[in-house]
Amino acid sequence: MTKGKKWFMAGVLILSLSAFLYGENHRLTVTAVLVEDEKIPAGFGGYRILQLSDLHGQTFGKDQTRLLAKIQKLDPHLIVITGDFLDQKTTDLRALEDLTGDLLEVAPVYVVSGNHEGGPLGEKLLQRMEKLGARVLRNEAVLLTHAGDELLLAGLSDPVLQIGDFQEALKTLSQETAEAPYRILLAHRPEYLPDYAEASWNLVFSGHAHGGQFRLPGIGGLVAPGQGFFPPWDAGLQEAGDTLMMVSRGLGNSIIPQRLGNPPELVLVTLRHLSAP
């Protein structure tokens, strides 16, 4: 092989690898999950909840056009954001404010903080999201209504934003909402699944684990904050007792700038009352 051909092949390999790595960080995927439970109110049968998590300021198309097109096509009844909409690299909130406004044109938006909302711009972003019309849940619950039925949605602030102990805040919120027939909790950190289960939450939406960052065939995620290597709760629908927890692989990156086998994810959960036809 001539020297020129070697340089050409090297260039092709570098371009191919670059394209692959770019795709791993920017190829939007959708995970659709059906959650069935006899406790889900019949009026919420077919109710679609879209989860966004761990955006970390990532962009998908100019002005988030690819992201928004995906979301609009999924046509959710509700959008939940489970933390880390921004991170330490974020310096300007305008793009995230614009995205919030665009999401609100699709469906009502409910938000909980992640650990990165504990940074200098975090509370400012949450306040601006509220001003636009999103609802930020800070250790509180709301009743959602649909087709004549009600369902409870609650949210916990991330441990770094708690004034007191996170588990005490969870215990208090759980006790205050215990009478609701079906309870959904938004909480950024999946490593507290045993606590969510002990408090008998029906369905939890979480993120934070980034899918384990690098996903290995037959093994799963490699490493996740709060869980270490080979995390048990890194992605997908998890179960503990009577509690189901949906862990989003997230949309962006933070300290580790590259994903492998783990493209950005939107989650669409559809609720179904078990006795429904």
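These are my entries, grouped by topic.

**Ground rules**

I am working with a predicted model, where local features need pLDDT of at least 70, side-chain atom pairs count only at pLDDT 80 or more, and totals for chains, interfaces and linings use all residues. I number residues from 1 along each chain as its sequence is written, and side-chain values use heavy atoms, with hydrogens and water left out.

**Aromatic pairs**

How many aromatic pairs does a search of the whole structure find? I got two. Rings of Phe, Tyr and Trp (its six-membered ring) pair if their centres lie within 6.5 Å; planes under 30 degrees apart count as stacked, over 60 as edge-to-face and the rest as tilted.

I looked up Phe44 and Tyr47, an edge-to-face pair with 4.8 Å centre to centre and 65° between the planes. Phe44 and Tyr47 are both buried. For me, buried means under 20% relative accessible area, exposed means over 50%, and partly exposed is in between (1.4 Å probe, protein chains only).

I then turned to Phe166 and Tyr192, a tilted pair at 4.6 Å centre to centre, with 50° between the planes. Phe166 belongs to helix H5 (residues 166–176) and Tyr192 to the loop between strand E8 (183–186) and helix H6 (193–198), so this pair ties together parts that are 26 residues apart in sequence. Helices (H or I, at least four residues) and strands (E, at least two) are DSSP runs, numbered from the N terminus. I noted that Phe166 and Tyr192 are both buried.

**Two arginines**

I found Arg183 over the face of Trp201, at 4.1 Å from the ring centre. The rule is that a charge sits over a ring if NZ of Lys or CZ of Arg is within 6 Å of the ring centre and within 35 degrees of the ring normal.

Is Arg189 buried or exposed? I read a relative accessible area of 16% for Arg189, so Arg189 is buried. Arg189 is in the loop between E8 and H6. Leaving aside neighbours within four places in sequence, Arg189 is in contact with residues including Asn115, Asp158, Tyr196 and His208. Contact means heavy atoms within 4.5 Å.

**Two helices side by side**

I checked how helix H3 (residues 94–104) and helix H4 (residues 122–132) pack: the angle is about 35°, and the axes are 10 Å apart. Axes are lines fitted to C-alpha atoms, for helices over the stretch in contact, and angles run from 0 to 180 degrees between N-to-C directions. From H3, the contact uses Leu96, Glu97, Thr100, Gly101 and Leu104, while H4 brings Leu125, Arg128, Met129 and Leu132. I sorted the residues of this contact into five nonpolar, two polar and two charged. Here Ala, Val, Leu, Ile, Met, Phe, Trp, Tyr, Cys and Pro count as nonpolar, Asp, Glu, Lys and Arg as charged, and the others, Gly among them, as polar.

**Asp87**

I located Asp87 in the loop between strand E3 (78–82) and H3. Asp87 has 5% relative accessibility, so Asp87 counts as buried. Which residues does Asp87 contact, leaving aside its neighbours within four places in sequence? I listed His56, His116, Asn253 and Ser254. Asp87 and Gly118 are 31 residues apart in sequence, and their C-alpha atoms are 9.2 Å apart in space.

**Around His77**

I placed His77 in the loop between H2 and E3. His77 is partly exposed, with a relative accessible area of 26%. Not counting residues up to four places away in sequence, His77 touches Gly46, Tyr47, Arg48, Ala107, Pro108 and His146. The C-alpha atoms of His77 and Tyr47 are separated by 6.3 Å, and the two are 30 residues apart along the chain.

I followed up on Ala107, which is in the loop between H3 and strand E4 (109–112). Ala107 counts as buried, at 5% relative accessibility. Leaving aside neighbours within four places in sequence, Ala107 is in contact with Pro76, His77, Leu78 and Ile79.

**Positive phi**

I noted Asp75, a residue other than glycine with a positive phi near 50°. Asp75 lies in the loop between helix H2 (65–74) and E3, and Asp75 is partly exposed at 44% relative accessible area.
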